[in-house]
Amino acid sequence: MTDFSGNYAIDPAHTLIGFSVRHAMVTKVRGRFDDFEGSVEISAADGSAGKAQATIKATSVDTNDSDRDNHVRSADFFDVENYPEITFTSTEVSIEGGEGTVTGDLTIKGTTKPVTLDVELVGVEEDPFGNTRLGFEAKGTINRTDFGVDFQAPLKSGGMLVGEKITLEIEGSVIKQ
């Protein structure tokens, strides 16, 4: 059995914190955050107990379009001048056999709401430099308007330019401390 226990720090060079949202009701726009830090503490060898926290610099949003990125940083979306960070702090970990959920408090634009992420602990491995790495994947959805991100641009069809449902996707690598 793999022993997942330990204290880990997020490796930003090998971690992706991304999202996708429906655009114009016909396609999805994907983005990511490039500046973040966090930690994971796993107190049970099977990964069934622990805690996690992360801080994301909202200014680091990247959707592969600088005009859109600047709009997302504005008061219409993240309002990074007044709310420079997005945070997550776990409140419950429920993992069995390397799969389960992590529930926690997500704060965006000064509003905190509970969020549950489906999590898979991919494995633990020692890299060629002697670091013990734990890989994980997490996915969940939120409604952006619940967090005060309520920009609306109506379409002729009656829909909205930007969907309310946001899919969060994390592919993480953390290093044992």
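1. Strands β2 and β3 pair in the antiparallel sense over 7 bridges. β3 covers residues 27-33, and β2 covers residues 16-23. Two strands count as paired if DSSP finds at least two bridges between them. Strands themselves are DSSP runs (E, at least two residues), numbered from the N terminus. Across this pairing, Arg 22 of β2 stands opposite Lys 28 in β3.

2. A word on the basis of these remarks. The model is predicted: local features need pLDDT of at least 70, side-chain atom pairs count only at pLDDT 80 or more, and totals for chains, interfaces and linings use all residues. Residues are numbered from 1 along each chain as its sequence is written, and side-chain values use heavy atoms, with hydrogens and water left out.

3. β2 has another partner. With strand β11 (residues 162-176), β2 pairs in the antiparallel sense over 7 bridges. Here Leu 16 stands opposite Glu 171 in β11.

4. Arg 22 has a relative accessible area of 37%, so it is partly exposed. Partly exposed lies between buried (under 20%) and exposed (over 50%), with a 1.4 Å probe and protein chains only.

5. How many salt bridges does a search of the whole structure find? The search finds 7. A salt bridge is a side-chain nitrogen of Lys or Arg within 4 Å of a carboxyl oxygen of Asp or Glu. Side chains of opposite charge can pair when their charged atoms come close.

6. Arg 32 and Asp 62 form one of the salt bridges, with their closest N and O atoms 3.0 Å apart. This pair links distant parts of the chain: Arg 32 is in β3 and Asp 62 in strand β6 (residues 61-62), 30 residues apart. Asp 62 is buried, because its relative accessible area is 19%.

7. Lys 51 forms a salt bridge with Glu 41, and the closest N and O atoms are 3.8 Å apart. Lys 51 lies in strand β5 (residues 50-57) and Glu 41 in strand β4 (residues 36-42), so the pair ties together parts 10 residues apart in sequence. Both are partly exposed: Lys 51 at 47%, Glu 41 at 31%.

8. β5 also holds Lys 57, while Glu 85 is in strand β7 (residues 85-96). Lys 57 is partly exposed at 32%, as is Glu 85 at 36%. Elsewhere, salt bridges that share partners join Asp 11, Asp 127 and Arg 133 into one network.

9. Last, a loop. Gly 98 sits between β7 and β8 (99-108). Gly 98 is buried, with a relative accessible area of 5%. Gly 98 and Glu 120 are 22 residues apart in sequence. In space, their C-alpha atoms are 5.7 Å apart.

Key. Helices (H or I, at least four residues) and strands (E, at least two) are DSSP runs, numbered from the N terminus.
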